[in-house]
Amino acid sequence: MVIFLDKKISIIASFLNEEENINEFINHIQNSFKKSNHIDYELIFIDDFSNDLSNTLIKKACIKNKRIKLITLKKNYGSDPSIQTGFDFVSQKNYATVID
């Protein structure tokens, strides 16, 4: 077993209009990390200018779980720039991965 003593995993998830999938995705990530109580994480969502309720659903999740962060872009930049924005918000001493 790998134990991350002073680090946590940052998961960067860029999205556009994913209101039908957001809650299931959040639940899946949270449940995965509950099974491994030795690993801390943060979930960084990058909203690439959605026009559905995705942003609202994630804001509600942020209130319930301080490990969830939301960055809202002011226009649609596309996947790669959105993901790069996510890296700008990764906490120090973290490992980072991307789910797109």
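This is a predicted model: local features need pLDDT of at least 70, side-chain atom pairs count only at pLDDT 80 or more; totals for chains, interfaces and linings use all residues.
D40 sits at 30% relative accessibility, so it counts as partly exposed (buried means under 20% relative accessible area, exposed over 50%, partly exposed in between, with a 1.4 Å probe and protein chains only). Residues are numbered from 1 along each chain as its sequence is written, and side-chain values use heavy atoms, with hydrogens and water left out.

**Salt bridges**

- The count comes to 2 salt bridges, each being a side-chain nitrogen of Lys or Arg within 4 Å of a carboxyl oxygen of Asp or Glu.
- Helices (H or I, at least four residues) and strands (E, at least two) are DSSP runs, numbered from the N terminus.
- R67 is partly exposed too, with a relative accessible area of 38%.
- E42 and K69 make a salt bridge through their side chains, at 2.8 Å from N to O.
- E42 belongs to strand β2 and K69 to strand β3, so this pair ties together parts that are 27 residues apart in sequence.
- E42 is buried, at a relative accessible area of 2%, whereas K69 is partly exposed at 29%.

**Nonpolar cores**

- The largest nonpolar core has 16 residues, and I26, F33, L43, F45, I58 and I68 touch the most other members. A core here is a set of buried Ala, Val, Leu, Ile, Met, Phe, Trp, Tyr and Cys residues joined through side-chain atoms within 4.5 Å.
- β1, α1, β2 and α2 are the elements that give two or more residues to this core.
- A second, separate core of 5 residues includes I12, I44, I46 and I71.
- As background, nonpolar side chains in soluble globular proteins tend to be buried together.
- Neighbours within four places in sequence aside, F45 is in contact (heavy atoms within 4.5 Å) with A13, F15, I22, F25, I26, I58, I68, K69, L70 and I71.

**The largest pocket**

- About 190 Å³ of space lies in the largest pocket, the volume being the space filled by probe spheres set on grid points, which are joined across faces, edges and corners.
- A pocket is an open set of points on a 1 Å grid over the protein atoms alone, where a 1.4 Å probe fits, with protein on both sides within 12 Å along at least five of seven lines; lining residues have an atom within 4 Å of a point.
- This pocket has 13 lining residues, with A13, S14, F15, E18 and D100 nearest its centre.
- β1 (8–15) and α1 (22–34) are the elements giving two or more residues to the lining, and β1 provides the largest share, 3 residues.

**Positive phi values**

- Most residues other than glycine have a negative phi.
- N17 has a positive phi of about 55° although it is not a glycine; N17 is in the loop between β1 and α1 and is partly exposed at 34% relative accessibility.
- F49 has a positive phi near 70°; F49 lies in the loop between β2 and α2 and is partly exposed, with a relative accessible area of 46%.
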